[in-house]
Amino acid sequence: MAPTVIVWFRRDLRLSDHPALAQAVAEQAQIVPLFIFDPYLLQHPETGSGRVQFLLDCLDSLQKNLDYLGSTLVRRYGDQRQVLAQVAAEFKADAVYWNDDSERLWRTETDCSVTDSLKNLGVRVQVFRSEALLPAGGKQTYALKTFTPQWYQFLSEPVAPRPQILPPVAVKGMDELRSLQDLDLPKSDQRIPTAGEREAHRLLSEFIHHKAPDYLKSLSVATQASQKTSRLSPHLKFGTMSARTIYQQVRQYRPAATKWEKRNLDGFISRLFWRDHFAQKLRNLPRCETESYLEAFDQVSWSQNEDHYQAWCEGKTGYPLVDAAMRCLNATGWIPFRLRALCATFLCIDLFLPWQWGANHYMNKLIDADVAIDHWQWQSHAGVSNRGRSWFRVYNPNKGISKIDPQGSFIHQWVPELADIPVAGFSTPQLYGRDYYQPLVEHDEARRQALAVLEPIKRQQKRKKKSAA
Ligand SMILES: Cc1cc2nc3c(=O)[nH]c(=O)nc-3n(C[C@H](O)[C@H](O)[C@H](O)COP(=O)(O)OP(=O)(O)OC[C@H]3O[C@@H](n4cnc5c(N)ncnc54)[C@H](O)[C@@H]3O)c2cc1C
């Protein structure tokens with residue numbers, strides 16, 4: 001008799017290149033596709049309604065694709081251990097299959113206890129590799145020498161086949177769980193991007209065929225980056241497309257590309273690599289979810305100025321580029337890399353606030369928020385993660401305008417108070433009779449004061465590294 005297998009969807013909301021699903025199909029199993037809303041993640045302080053709305057939209061799209069193949073998606077709410085035990089009993093499941101993924105230390109810990117409790121119930125568990133991540137195993141698993149070759153090797157392996165047909169699922173009393181209200185979450189007023197597998201494929205094709213030639217040169221320009229980067233980040237977050245599919249489609253196109261396009265495509269792939277590398281690092285250093293990699297920086301007397309923090313969150317710092325970026329983030333759930341970086345150094349250096357505060361707001365507002373990328377990037381921009389580097393990267397929020405928003409159109413769009421002021425007037429809007437926010441701090445002086453505290457710690461860390469070598 002065919003076994004009954006629960007395929008547990010997590011951050012892999014797709015049917016293509018889904019190794020756990022493909023294996024269940026290959027075994028001709030009775031398949032129960034399951035998604036669990038866990039209150040731990042939903043109520044986490046870093047969870048925002050906008051991202052959950054995107055998740056719900058991805059689930060609706062997955063549901064449609066499953067329906068089309070004759071199956072359906074079982075949605076449940078509750079503690080993963082309890083829900084899996086209940087669903088296994090309800091469907092008399094022989095096994096639960098899932099793809100390994102990374103999501104906080106909590107994920108690693110619950111995966112272990114879920115596995116133990118299912119095994120105790122006599123339910124077989126099989127975990128599949130769908131990302132180029134290695135089990136935690138110390139520094140050698142994230143050292144570039146080891147991680148890089150295995151990353152390329154994994155991404156070159158054949159993708160798992162997409163099922164053509166699936167067996168029906170007899171679901172009784174299925175929970176609705178289709179809206180933020182059903183999940184007891186507040187409404188989101190963000191603009192939510194289109195979700196689902198089909199959209200991810202459209203974005204990738206658009207990137208390869210139309211955007212790639214301008215990719216690298218657009219990264220630093222606010223209005224161009226939003227048009228010329230792939231915009232795949234929320235899809236990678238929830239796995240509507242695998243990194244392996246992206247890599248292979250880019251590789252397939254590469255021979256036909258011009259030299260210039262190749263440079264751009266390689267730049268894009270290198271960013272995918274860093275995404276996975278951050279995940280591998282966090283898997284090995286889970287304390288860095290909340291603490292600085294260089295612990296000495298957590299002993300610094302960072303400012304605790306709540307008013308400054310609030311002004312930064314709301315885009316009212318008096319620095320037009322920071323304010324435009326923060327307002328764009330709050331409204332759309334996305335800003336390009338350079339603006340994420342500039343606003344991060346503004347928070348950590350100019351306002352001298354702990355990076356964790358800034359990361360918390362980004363995680364709440366970004367639709368693509370991914371704890372591994374986000375928290376490593378925050379640490380890197382706060383300068384608290386790299387022992388070898390003695391300097392701090394600090395952006396000048398006014399001088400930066402000439403590179404990041406040379407025409408001023410991004411600022412004009414997001415800071416209507418300054419709508420008809422020329423670029424040259426952004427740093428002195430008061431001279432144009434505008435009642436704009438006074439700068440919270442004076443950049444050069446704030447930078448000097450912050451570095452006076454931080455640089456000696458960095459030098460000490462560097463010396464420590466040298467003497468340990
Ligand atoms: C402080 C800070 C916080 C960030 N937080 C996040 C986050 O929570 N989630 C997130 O996906 N990205 C984050 N980034 C990285 C980057 O800004 C976004 O990945 C990128 O802007 C997403 O747009 P895209 O998909 O069009 O990117 P593309 O340039 O088209 O890149 C393709 C994919 O590569 C990965 N990627 C791109 N840039 C980076 C990078 N610098 N580091 C690691 N991976 C990268 C992403 O998965 C992205 O979707 C952060 C950057 C900074 C400076």
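1. Let's start at the ligand. One of its oxygen atoms is 2.7 Å from a polar backbone atom of Arg-231. Please keep in mind while you look that this is a predicted model.

2. A nitrogen atom of the ligand has a backbone N or O atom of Asp-368 at 3.1 Å. For Arg-271, a backbone N or O atom is 3.4 Å from a nitrogen atom of the ligand.

3. How many residues surround the ligand? There are 26, and the closest are Tyr-215, Thr-229, Ser-230, Arg-231 and Asp-374.

4. Domain 1 covers residues 4-130, domain 2 covers 198-284, and domain 3 covers 295-464. Taken over C-alpha atoms, the centres of domain 1 and domain 3 are 38 Å apart.

5. Where do domain 1 and domain 3 meet? On the domain 1 side, 9 residues are in contact with 10 residues of domain 3. The size of an interface is often given as the accessible area lost when the parts come together. Here the two domains bury about 800 Å² between them, with 45% of that on carbon and sulfur atoms. Within domain 1, the residues losing the most area to domain 3 are Glu-46, Arg-51 and Arg-104, which together make up 60% of what that side buries.

6. Next, look at the polar side of this contact. Between domain 1 and domain 3 there are 5 residue pairs in polar contact, both residues at pLDDT 80 or more. Helix H3 (residues 49-68) gives the largest share of the domain 1 side touching domain 3, namely 3 residues. That side divides into 2 nonpolar, 3 polar and 4 charged residues.

7. Side chains of opposite charge can pair when their charged atoms come close. Between domain 1 and domain 3 the count is 1 salt bridge. The side chains of Arg-11 and Asp-370 meet in a salt bridge, at 2.9 Å from N to O.

8. Finally, the whole structure holds 29 salt bridges. One to look up joins Asp-100 and Arg-283, whose closest N and O atoms are 3.2 Å apart. Asp-100 sits in the loop between strand S4 (95-99) and helix H5 (104-120), while Arg-283 belongs to helix H12 (residues 259-284), so this pair ties together parts that are 183 residues apart in sequence.

Key. Residues numbered from 1 in each chain as written. Predicted model: local features only at pLDDT ≥ 70, side-chain atom pairs only at ≥ 80, totals over all residues. Heavy atoms only, no water. Domains from an automatic or database assignment. Contact = heavy atoms within 4.5 Å. Buried area = accessible area lost by both parts, 1.4 Å probe. Salt bridge = Lys/Arg side-chain N within 4 Å of Asp/Glu carboxyl O. Polar contact = N/O pair within 3.5 Å; in protein donor to acceptor, adjacent residues only side chain to side chain. Helix = DSSP H or I, 4+ residues; strand = E, 2+ residues; numbered from the N terminus. Nonpolar A, V, L, I, M, F, W, Y, C, P; charged D, E, K, R; others polar. Near = heavy atom within 4 Å.
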